[in-house]
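Please open the model in a viewer and keep the selection panel at hand.

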Amino acid sequence: MLFFTSQADLAGDEAYYWDWGRRPDWGYFSKPPMIGWLMGAIGWLTGNAEWGVRLAPLLFGTATLAVLFTLTRKLFNAGTGFLVALLILATPANIGMNLFFTIDAPLLLFWSLSLLLFWLAAEKPSCLWRWLGLTLAIGLGTLSKQMMLAFPAMMVIFAAVSKEDRALLKNPRLWVTILLGTAFITPVLWWNTKHQWITLEHTKHHFETHSLSVGKWLERTLEYPAVQALVYSPITYAALLVVVFLAFKHWRSLDRRARYLLLCSGPALVAFFGLSLRQKINPNWPAVFYVPAFILLAAWVQGGLPFAAKPFWKTWSLRVGGALVVIAHLFLLVVFLTDLKGHKKLNEMRGWTETGIQAGKFLDQVPRPEHTFVMTTGYRYDAAQLAFTMPQHPQLYRWERSGKVLSQYEVWPGPEERLGDDALIFKNGGDKPGEIFAGVAKHFESIERLGRVEVNLGKDNTRAYDVFLGRKLLSWDKPGVSQPAKPTP
């Protein structure tokens with residue numbers, strides 16, 4: 001992690017979420033508020049240090065493994081719990097989860113806690129503290145990602161299916177836990193009512209479909225299992241599918257523990273495969289449902305299930321997974337120590353520190369520093385990265401050419417709140433200096449070119465911004481509003 005941190009800057013989403021953290025709220029453009037709150041806490045604790053953002057996913061990942069070890073030990077034994085941790089560590093997915101701080105890190109922790117606490121509550125339904133802990137875990141998970149809302153449904157299904165646990169359906173603690181846990185979404189819904197249900201509108205785009213030829217449809221459909229195999233390691237992924245299939249096949253012979261794990265994984269994984277026949281599935285969407293499947297796999301290869309596993313599955317899952325993890329780390333080492341680091345995708349995470357330093361020098365030289373704001377005309381990542389890497393950590397505004405709300409920057413108040421002030425404007429530059437967009441220039445009394453930010457990324461790749469000073473903002477068009485805001489008398 002230390003090597004990666006020294007070689008790569010924050011990913012675009014990380015910088016974007018960090019900027020959310022500077023304005024804590026009950027909701028954001030595309031996500032519930034937890035990631036913004038966590039980023040805000042990290043910024044406050046570490047002085048907005050990059051290492052703080054990098055350390056957070058490692059801590060969350062470690063805590064998740066500890067919870068899963070505890071759950072597996074409760075269900076089976078410590079040896080099986082240790083194997084679960086090894087199997088997860090031997091996946092490429094775990095590398096990404098521990099390097100990049102996104103919404104999945106807190107979701108996986110709260111989901112794993114919910115799996116543990118619901119089992120403990122089912123074991124001792126009279127214990128109020130277990131139900132209270134479960135309520136909090138579900139609530140915090142709901143504030144992390146909408147996927148957490150599926151967990152209460154799994155609780156009810158398990159209670160209905162498991163003969164030994166059917167009495168839970170008559171236990172008011174179960175229903176109060178579900179009611180209070182899911183109620184954590186209430187302030188998020190309230191926030192959305194104030195912002196035209198923007199999170200729901202954004203989420204709907206994930207489920208849009210397009211007509212495809214047979215060949216394109218087959219390519220998209222096969223892409224889903226192929227990517228999952230890469231993310232979880234090919235042999236391990238195959239083993240996960242096999243154990244889920246065999247568990248369904250031997251349902252009648254499964255004990256209560258195995259049925260719990262299967263019901264919390266199998267139906268959802270089947271549903272995602274069915275959904276992949278209709279549309280593109282992002283690799284991280286089904287992540288939480290693999291968690292109990294990993295425990296089921298470890299129990300299978302350790303002889304904890306009524307159907308036997310060949311040694312092949314344990315041996316080669318760890319060998320191939322471990323090899324892929326070693327290769328992935330060596331690949332990162334080779335890439336960042338050679339000219340391969342100049343690849344376009346890697347350039348998105350390089351050179352931002354120097355970019356911010358250069359940009360910050362322009363801000364230091366503006367004639368009216370107390371009456372100057374900073375704005376970009378590019379993608380949301382441009383605004384987020386500049387906000388994080390400029391030494392002044394200025395509040396960034398973004399001009400969206402389409403006039404639509406396409407990011408959190410259009411949800412927040414725009415430059416209309418800075419009428420009369422100057423603007424330091426960063427426009428994505430090409431090989432040669434370009435002019436400011438007419439749609440931006442029309443709002444200022446005058447526009448003056450100040451210079452250019454240029455950072456060499458290697459292999460003839462350069463990150464460039466043309467820098468302008470807009471003098472005295474006269475008006476501004478709010479996204480989605482046809483009439484520009486006018487100065488108040």
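Over the ring of which residue does the charged end of Arg23 sit? Select Arg23 and Trp412 together: the charged end of Arg23 is placed over the ring of Trp412, 4.1 Å from its centre. Please bear in mind throughout that this is a predicted model.

Another charge over a ring can be displayed by selecting Arg463 and Trp352: the charged end of Arg463 sits over the ring of Trp352, 3.8 Å from its centre.

The structure contains 27 aromatic pairs. Select Trp111 and Phe289, whose rings form an edge-to-face pair with 5.3 Å from centre to centre and 80° between the planes. This pair links distant parts of the chain, since Trp111 belongs to helix α7 (residues 104-123) and Phe289 to helix α17 (residues 287-301), 178 residues apart. Trp111 is buried, with a relative accessible area of 0%, and Phe289 is buried as well, at 4%.

Next, select Phe118 and Tyr260. The ring centres of Phe118 and Tyr260 are 6.0 Å apart and the planes stand at 45°, so this pair is tilted. Phe118 lies in helix α7 and Tyr260 in helix α15 (residues 256-263); the pair therefore ties together parts that are 142 residues apart in sequence. Are Phe118 and Tyr260 buried or exposed? Both residues, Phe118 and Tyr260, are buried.

**The sheet**

Switch to a cartoon view and colour the strands. In what order do the five strands of the open sheet follow one another? The order is β2-β1-β3-β5-β4, and the pairing is mixed. The edge strands are β2 (396-398) and β4 (444-458), each of which pairs on one side only. On average, neighbouring strands of this sheet are turned by 25° against each other, with direction ignored.

Begin with β1 (372-376). Five of the five residues in β1 are buried, so this strand is mostly covered. Thr372, Val374 and Thr376 point one way from β1, whereas Phe373 and Met375 point the other way. In a regular strand the side chains alternate between the two faces of the sheet.

Now display the neighbours of β1. Strands β1 and β2 run parallel and are joined by three bridges; the bridge partner of Thr376 in β2 is Arg398. With β3, strand β1 also pairs in the parallel sense, over five bridges. Which residue of β3 is the bridge partner of Phe373? The partner is Ala423.

Move on to β3 (residues 422-428) and β5 (residues 461-473), which pair in the antiparallel sense over six bridges.

Then select helix α20 (residues 352-364), which lies across β1, β3, β4 and β5 and runs at about 155° to β4.

**Beyond β5**

Follow the chain to Ser475, which is found in the segment after β5. Ser475 is buried, with a relative accessible area of 10%. With which side chain does the side chain of Ser475 make a polar contact? The contact is with the side chain of His443, at 3.1 Å.

Select Lys472, which is found in strand β5. Lys472 has a positive phi of about 60° although it is not a glycine, and its relative accessible area of 39% makes it partly exposed.

Finally, select Trp197, in the loop between α11 (186-193) and α12 (198-204). Trp197 is not a glycine, yet its phi is positive, at about 50°. At 37% relative accessibility, Trp197 counts as partly exposed.

Methods: Residues are numbered from 1 along each chain as its sequence is written. This is a predicted model: local features need pLDDT of at least 70, side-chain atom pairs count only at pLDDT 80 or more; totals for chains, interfaces and linings use all residues. Side-chain values use heavy atoms; hydrogens and water are left out. Two strands pair if DSSP finds at least two bridges between them. Helices (H or I, at least four residues) and strands (E, at least two) are DSSP runs, numbered from the N terminus. Axes are lines fitted to C-alpha atoms, for helices over the stretch in contact, and angles run from 0 to 180 degrees between N-to-C directions. Contact means heavy atoms within 4.5 Å. Rings of Phe, Tyr and Trp (its six-membered ring) pair if their centres lie within 6.5 Å; planes under 30 degrees apart count as stacked, over 60 as edge-to-face and the rest as tilted. Buried means under 20% relative accessible area, exposed over 50%, partly exposed in between (1.4 Å probe, protein chains only). A charge sits over a ring if NZ of Lys or CZ of Arg is within 6 Å of the ring centre and within 35 degrees of the ring normal. A polar contact is a pair of N or O atoms within 3.5 Å; within protein, one must be able to donate a hydrogen and the other to accept it, and residues adjacent in sequence count only if both atoms are side-chain atoms.
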